Amino acid sequence: MEDSMSVKSMESVATSDEYEFVNDRGNGKHQQALIEQPMLKIANNGNFEDLQNNLREVLTEDSKMESNEYKIVSSAQQTQPKSKKVGQSKFYDVSSCMIASEKQDIMKPEDYIDEEINSLAHVQQECTIFNGVTYLGSATINAPKSECEIQRNMNILNAEQSLNLGIKVSVSVPSSSQGSVVLYDAATQQPMAHYEVQRILFYARGESIGPCAACFAFTWSHGDTLESAIYQCHVFRCDIPEAVGQVSACFSKAFHRIPRSMTSSLTGSDFNGFNIGTEKTNSRVFIFEVTMEIKEEDGKGGFSIVPKDRNCFKLRSNVAKQVCLSIQQVSSKEGGITLEVERCFGVLVSPGRNVKHSDMRLLEMQVNAGPLIQDKQCYNIFGHWDPADPALETLNIETPREEKIYMTVAVDLVIRGIREPVRFIIETLVKVFPQNERFWYFNKRNLVQQFYLNSKEIISGDGTEVHYEVQSIETSGELDRNRLNLALNLASLIRSPSLTSIDTLTPKEEIDSDGDEPMLSGTGEVSKDCSADELANWAEVLDSWQVNEQRPKLLIKLTKQGIPEALRGEVWQRLSNCDNSQEMMDRYRTLITKESSCESVILRDINRTFPAHDFFKETGGLGQDSLYRISKAYAVYDEEVGYCQGLSFLVASLLLHMPEEQAFCVLVKLMYDYGLRDLYKDRFDNLHMRFYQLNRLIEDQLPELYKHFCDRGVETHMFAAQWFLTLFTARFPLYLVFHILDVFLLQGLDTLFQVALALLMLCKKELLQLDFESILKYFRVHLPKRCRNEEVSRYVMKLACSVTLKKLKKYEAEFMTLKVITFKKNGSILLAVK
């Protein structure tokens, strides 16, 4: 790609395929001559001896140049320090390197001396070095050019700095695009990491008014190809807030001699605060988001959404389809400039990827101007897809079992302010199934993809008209909305200041986003996606388990990591030893015909069980009917305990994975073999023992929190009663609920204590700041919401499985001793009264 800045330069600055070597030393006539056709001209009227001599000199000169180049490379290799790669960062062991010339830095203290400069051994480049900078860390980011995402990372990592976990560094910013941003340890002045400017995609400074006023960040691309690229957002904070402007100015200068496709992403609000010479920046970047879903005719005169796994649509053959697209601008960082989609003049579809325009099939369209979404106009387009179209035959033929095929969808738009049409191209995987295929489960996922319009602003001579010329359109591929909630990759920190600080996984504003209303039970969607490696491991375990009655060793490890949702029903039955319970299932069919005295309590409980889940929402629906029958059958079966209030939440979790007869069998095993019914017997005596054990475990493993609870009058039963009696199923999101049941069925009642301690460890910092009423409210409202993020739930279960319970038997003996002492004491008092 031609770089206008390079053309104006007198230097040759080419280090990637996007640059051209340019020599602009000639005058206009000389350049005109270069365009003319070449002519063979030989001096001395065509003397061939002179020609041979000239050629010999040229060849000799070329060989000398090659030799010199080789020597230069060797010299560079000798002075290159050894490097060690940790995560996505490079660490250098530098013994001696040349010192580059340095510019004046306003961040240096007055007593700064030249010896400090000499102690900086760094990459050979002209640069400006900023001291007094704290490296706050890095985060994986899926939208590397989204200022909103970068600002969010910046706010979260800056908030973490209250724990003093940042790294004091010096930052070297190069003066040209051929250099690298280098980080040095502030104490030793040794290089720690470097980031090539040509791979920096975006720079942003913190908002001038707010906690991040002294912060800046840039996104950097790790990986050699677009498919393997991982984008990291690195965040820093200056000790002197006013210095951020100087840092931004140096970054701007470094970006001057790079292609337009990159500079356009660096001209947002972060560079609006200063003026660079007399040049005027005309580059703009506009971000559009395209959401796509595919619908199929449902045989009832309408269309229903097709299933979509993580990255693949599931289609049926010989069924009419609709391609539904929604387009809106999601970035307004260009001074609030909004580009409105005026009309769409084509939706095209084709099998394959990287297809030619002539190979694509134009669909019949219907366009709706959607409602305003966050003050941005959403443009909706529907393309009707005829399965009988010969051009789309590949997408109408059943795909082999282990294969998937690509499909390309293009949409052509007229956007106000851009004179040329704009085309967004989406390439996605699809799998075609038979026409009568039934999908027992599926996720209604949309495909979301962002497009970056790198544009040049063109102003008319009289300054009255402005339009934009698109230089290039870039996209980072499909966005995973589940991972855009800032799943921080803290392992990529240069020195990992905080080892997996779980606070960053769920921002506080997300926890409090629903106010004081508790989260409804049954909240959360659990994907049935599963990697090929995971399925292979489970296939091996299940095959081995089928032959040998003993549990395979690998089963323990895999279960603690979480059973794949698609296999849970089968594995739960195997773990509870009721996979062949025909006798109990026959008995269940008899039990549901009998009456129970608990029916009114059961009906009241059922209406508030998993109201957030579609299967149990409808009064008198299939889900509630199954819940009622199992709950009543158990009340008849276990006359001593009858119906236990809250038991319906556990039953509902089982019903989501197996038919009701099998769910009843697993419930009976949980109550009898796993000891759950003991918690309800003898006026909850066993439950009180469990509370005592948990209380002693908190005192032993979380002494600071134990003391705080004692000071505030918080007793264990106030928050743990519902946890233990319902196996955590009543309040927490389903992703965590199912994972807890995985481990509980594997190892039994110990899981209750492990999960309880893990949850307390998760929210210890918040609980220590709250009073009595706020603590109880936190357990009821905010803690379940905090676990909505799958990353947090996985962290909780990983933490739970690492908790040791060596003193559990000791605490049980203590409780029994105290019980005897209390009984004797109460007996003596009773005799004295008489």
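How exposed is Asp 685, in terms of relative accessible area? Asp 685 is partly exposed, at 26%; here buried means under 20% relative accessible area, exposed over 50%, and partly exposed in between, using a 1.4 Å probe and protein chains only.

## The model as a whole

This is a predicted model, in which local features need pLDDT of at least 70 and side-chain atom pairs count only at pLDDT 80 or more, while totals for chains, interfaces and linings use all residues. Residues are numbered from 1 along each chain as its sequence is written, and side-chain values use heavy atoms, with hydrogens and water left out.

The chain has 27 helices and 21 strands, taken as DSSP runs (H or I of at least four residues for helices, E of at least two for strands) and numbered from the N terminus. Of its 834 residues, 47% count as buried. A contact means heavy atoms within 4.5 Å; among contacts between residues at least 6 apart in sequence, 70% join residues at least 24 apart.

## Salt bridges

Let us return to Asp 685. Its side chain meets that of Lys 819 in a salt bridge, 2.7 Å from N to O. This pair links distant parts of the chain, with Asp 685 in helix H19 (residues 685–701) and Lys 819 in helix H27 (residues 808–833), 134 residues apart. Lys 819 is partly exposed too, at 35% relative accessibility.

The structure holds 29 salt bridges, each defined as a side-chain nitrogen of Lys or Arg within 4 Å of a carboxyl oxygen of Asp or Glu. Among them is the bridge between Glu 293 and Lys 295, whose closest N and O atoms are 3.9 Å apart; Glu 293 counts as buried, at 17% relative accessibility. Another joins Lys 681 to Asp 678 at 3.7 Å, N to O, and here Asp 678 is partly exposed at 32%. There is also a network of salt bridges linking Glu 296, Arg 316 and Lys 321.

## Helix H11 and its surroundings

Helix H11 (residues 553–561) has Leu 555, Leu 558 and Thr 559 as its buried residues. Seen down the axis of H11, these fall within an arc of 100°, so they line one face of the helix; the arc is that of the directions from the helix axis to the C-beta atoms. Lys 553 and Lys 557 are exposed on the other side of H11. Just after the helix, Gly 562 takes a positive phi of about 110°.

What do the buried residues of H11 pack against? Their partners are helix H10 (532–547), helix H12 (568–575) and helix H22 (734–747).

## H10 meets H12

Two of those partners also touch each other. The axes of H10 and H12 come within 12 Å and cross at roughly 35°. From H10, Trp 538, Leu 542, Trp 545 and Gln 546 meet Glu 570, Val 571, Arg 574 and Leu 575 of H12. By class, this contact has five nonpolar, one polar and two charged residues.

## The buried face of H13

In helix H13 (residues 582–591), Met 584, Met 585, Tyr 588 and Leu 591 are buried. Viewed down the axis of H13, its buried residues fall within an arc of 115°, so they line one face of the helix. The buried residues of H13 pack against helix H16 (622–637) and helix H18 (660–672).

Key
Axes are lines fitted to C-alpha atoms, for helices over the stretch in contact, and angles run from 0 to 180 degrees between N-to-C directions. Ala, Val, Leu, Ile, Met, Phe, Trp, Tyr, Cys and Pro count as nonpolar, Asp, Glu, Lys and Arg as charged, and the others, Gly among them, as polar.
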